[in-house]
Amino acid sequence: MADMNDLGTCEQILRYIVERGPITSSELAKILVLTPAAVRRHISTLVSNNLIKVYDGNANAPTRRGRPSRRYVATAKGQGELKESYADLAAQAMHFMKASMGEDAINEFVNQRVAILEKRYGHVLAAAGSTPAEKAAALVAALNSDGYVATLRRGGPNTMALQLCQGHCPVQDVASDFPEFCEAETAAFARLLGVPIQRLATLAGGEHVCTTNIPIGMPVMRHSR
């Protein structure tokens, strides 16, 4: 029978892989302050239970088995395994916060969470170029590094716009009750891209992806922070 501490660590590792995958075992070891050997042992358990798998982002790249540079993502089974208990706990915490501390506390928490993301992505987009299209491409890469399964598409044959699509959201179920998450994220993306954008659909709203329209044929906004 598995040790209860092992079960708790496996769940933690699965949670980080769901939220931040593709991610390596060495990165997980640093986050969790565990030895690489311990993390690899838990990863082996998760792989054998079909909860995570090795990420192959480039089908043409040579397979390099057994190397520490392997990155992991959650399987559909793994996401489902973690989603229910994690989402219920997060939703309960948010509702408790709203009831005990009010709407302002919710807004402060959401804005703080998004500010961390915005700060982390800021230097990446600043180095990517000056146009919204260049910044949008860098934003997609940054989102994918955090496991958002993002893509960039043309808005249409006769439109000067791009559409940012996000296939995964770690706060999807909580955002269903607290749309402040979606609103704050959209505002942060607009500041990062330097143009006014529009969120067309959200996973929290029942759509299969979060879709954001990004105009690329208009002047760049200037923000005073």
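Visitor: What should I keep in mind about a predicted model?
Guide: Local features need pLDDT of at least 70 and side-chain atom pairs count only at pLDDT 80 or more, while totals for chains, interfaces and linings use all residues. Residues are numbered from 1 along each chain as its sequence is written, and side-chain values use heavy atoms, with hydrogens and water left out.

Visitor: How many helices and strands does the protein have?
Guide: It comes to 8 helices and 7 strands. These are DSSP runs, numbered from the N terminus: helices are H or I with at least four residues, strands are E with at least two.

Visitor: What makes Cys210 buried or exposed?
Guide: Buried means under 20% relative accessible area, exposed over 50%, and partly exposed in between, using a 1.4 Å probe and protein chains only. Cys210 has 3%, so it is buried. Cys169, at 14%, counts as buried too. Across the 225 residues of the protein, 41% count as buried.

Visitor: What makes a group of residues a nonpolar core?
Guide: They must be buried Ala, Val, Leu, Ile, Met, Phe, Trp, Tyr or Cys residues, joined through side-chain atoms within 4.5 Å. The largest core here has 20 residues, and among those with the most contacts inside it are Tyr121, Leu139, Leu164 and Phe189. Helix H5 (103-128), helix H6 (132-145), strand S5 (161-166) and helix H8 (180-193) each give two or more residues to this core. H6 gives the most, with 6 residues. In soluble globular proteins, nonpolar side chains tend to be buried together.

Visitor: Which residues does Leu164 touch?
Guide: Contact means heavy atoms within 4.5 Å. Not counting residues up to four places away in sequence, Leu164 touches several residues, including Leu139, Leu143, Phe189, Cys210 and Ile214.

Visitor: Why is the pair Arg191 and Glu118 called a salt bridge?
Guide: A salt bridge needs a side-chain nitrogen of Lys or Arg within 4 Å of a carboxyl oxygen of Asp or Glu. Arg191 and Glu118 come to 2.9 Å, N to O, and their side chains meet in a salt bridge. Arg191 lies in helix H8 and Glu118 in helix H5, so the pair ties together parts that are 73 residues apart in sequence. Arg191 is partly exposed at 30%, whereas Glu118 counts as buried at 10%.

Visitor: How many salt bridges are there by this rule?
Guide: The count is 4. One of them joins Lys98 and Glu103, with the closest N and O atoms 3.5 Å apart. Lys98 is partly exposed at 39%, and Glu103 is partly exposed at 31%. Another joins Arg199 and Glu185, at 2.9 Å. Arg199 lies in strand S6 (residues 198-201) and Glu185 in helix H8, so this pair ties together parts that are 14 residues apart in sequence. Both Arg199 and Glu185 are buried.

Visitor: What makes Ala91 count as buried or exposed?
Guide: Its relative accessible area is 16%, so Ala91 is buried. Ala91 sits in helix H4 (residues 76-101). Ala91 and Asp173 are 82 residues apart in sequence and 7.7 Å apart in space, C-alpha to C-alpha.
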